[in-house]
Amino acid sequence: MTMVGEYAKRMLSAESALEVLGCTSRAVFLLADEEVLWITGPAAEPHRRAMHAQCLPHWPPGSTVVVEDNELCAAGECLTLERAMLWATPPLPQPAGDFQALARTLLDNFSSSFPAVRATLGPGWWERCRKTLSEANIPEFLALAKERLGRGPGLTPLADDFLGGALFALRTLLSDSAWPDEIVKDFLAWAKGHTHRLGLCLLADLSRGCGPGSLHAFVDALFAGDEGAARDCARNLLDLGQSTGVALLLGALLVWSEFREGASSGRPERAH
């Protein structure tokens, strides 16, 4: 292994065995006590749940992965974590300047990337979502989210990625005292029966302010008011997965463009 995310490392320290949930050409997904981790290639996106390996293991779905002495072994093939670099989720930055104006500019400039996401969400739903966010009505936003969760193509459905991006952006804007923790927990409990395990884990992470590395790089640039860096980071995010980065970016930009409260209410502590 070349890199391991902080959460993956913690789960591997607590578990003696995992199950291979599934495989794609780019990743092997593992199940550890209802939590999903994954192994991917060395150039892939860093994430708290990810492990990077030079070559993907040929572990069949359903097989048991034994974790012992910094090694993961299944089907006669082992990977070692001994020299893997630890990747930790970056702290959320403090907003500075008129980041909303920059978010609106980027939302407009990258609009040609978003038609498939907006078509999945529907024009009427999109307008209701914008209005709800402009009124800072998170309970109503989560009610709207229930109408779209699980929709669209992708390993994680397109609508789920959009909603995750929006939750991440909301978490960057609200202090701990302003964050509607119980309402969000209720939404995630409901989501458990309406999307698959991977999508649920990623939604929970994003609601805690924990996303892929390129999303953190983007919010750092946006909140610093660095338009050139924000554009570069947005392009990197658009390349994440087949559609994941596009939907994450649109959800986050919509919140940063429209949400009217909490932008100066203090940096939240990130809940792990």
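Predicted model: local features only at pLDDT ≥ 70, side-chain atom pairs only at ≥ 80, totals over all residues.
Let's start with helix 7, which covers residues 181-191. Which of its residues are buried? They are V184, F187, L188 and A191. Look down the axis of helix 7 and you'll see these buried residues fall within an arc of 95°, so they line one face of the helix. Turn to the other side of helix 7 and you'll find E182, D186 and A189, which are exposed. And what covers the buried residues of helix 7? The cover includes helix 5 (138-148), helix 6 (158-173) and helix 8 (197-207).

Next, the cysteines. A disulfide is a covalent bond between the sulfur atoms of two cysteines. The count here comes to 1 disulfide, and it joins C73 to C78, with 2.1 Å from S to S. The link of C73 and C78 is right-handed, with 115° about the S-S bond. C55, on the other hand, is in no disulfide; its nearest cysteine sulfur, that of C23, is 15 Å away. How about C233? Its sulfur is 18 Å from the closest cysteine sulfur, in C210, and that's too far for a bond.

Are these cysteines buried or exposed? C55 counts as exposed because its relative accessibility is 57%, over the 50% cut-off. C233 has 15% relative accessibility, so it counts as buried, since the limit for that is under 20%. C78, one partner in the disulfide, has 42% and therefore counts as partly exposed.

The largest pocket has a volume of about 880 Å³. It is lined by 31 residues, and F29, L155, L240, G241 and T244 lie nearest its centre. Elements that give two or more residues to this lining are strand 3 (27-32), strand 4 (35-40), helix 6, helix 8 and helix 11 (244-258). Helix 8 provides the largest share of the lining, 5 residues. By type, the lining of the largest pocket splits into 13 nonpolar, 13 polar and 5 charged residues.

The second largest pocket holds about 280 Å³ of space. Of the 13 residues lining it, E34, E35, L200, C201 and A204 are the closest to its centre. Helix 8 again gives the most to the lining, with 4 residues. This time the lining divides into 4 nonpolar, 3 polar and 6 charged residues.

Conventions: Residues numbered from 1 in each chain as written. Heavy atoms only, no water. Buried < 20%, exposed > 50% of the residue type's maximum accessible area, 1.4 Å probe, protein only. Arc of directions from axis to C-beta. Contact = heavy atoms within 4.5 Å. Disulfide = S-S within 2.5 Å. 1 Å grid on protein atoms, 1.4 Å probe; cavity = no way out; pocket = protein on both sides within 12 Å on 5 of 7 lines; lining within 4 Å. Points joined across faces, edges and corners; volume = space filled by probe spheres on them. Nonpolar A, V, L, I, M, F, W, Y, C, P; charged D, E, K, R; others polar.
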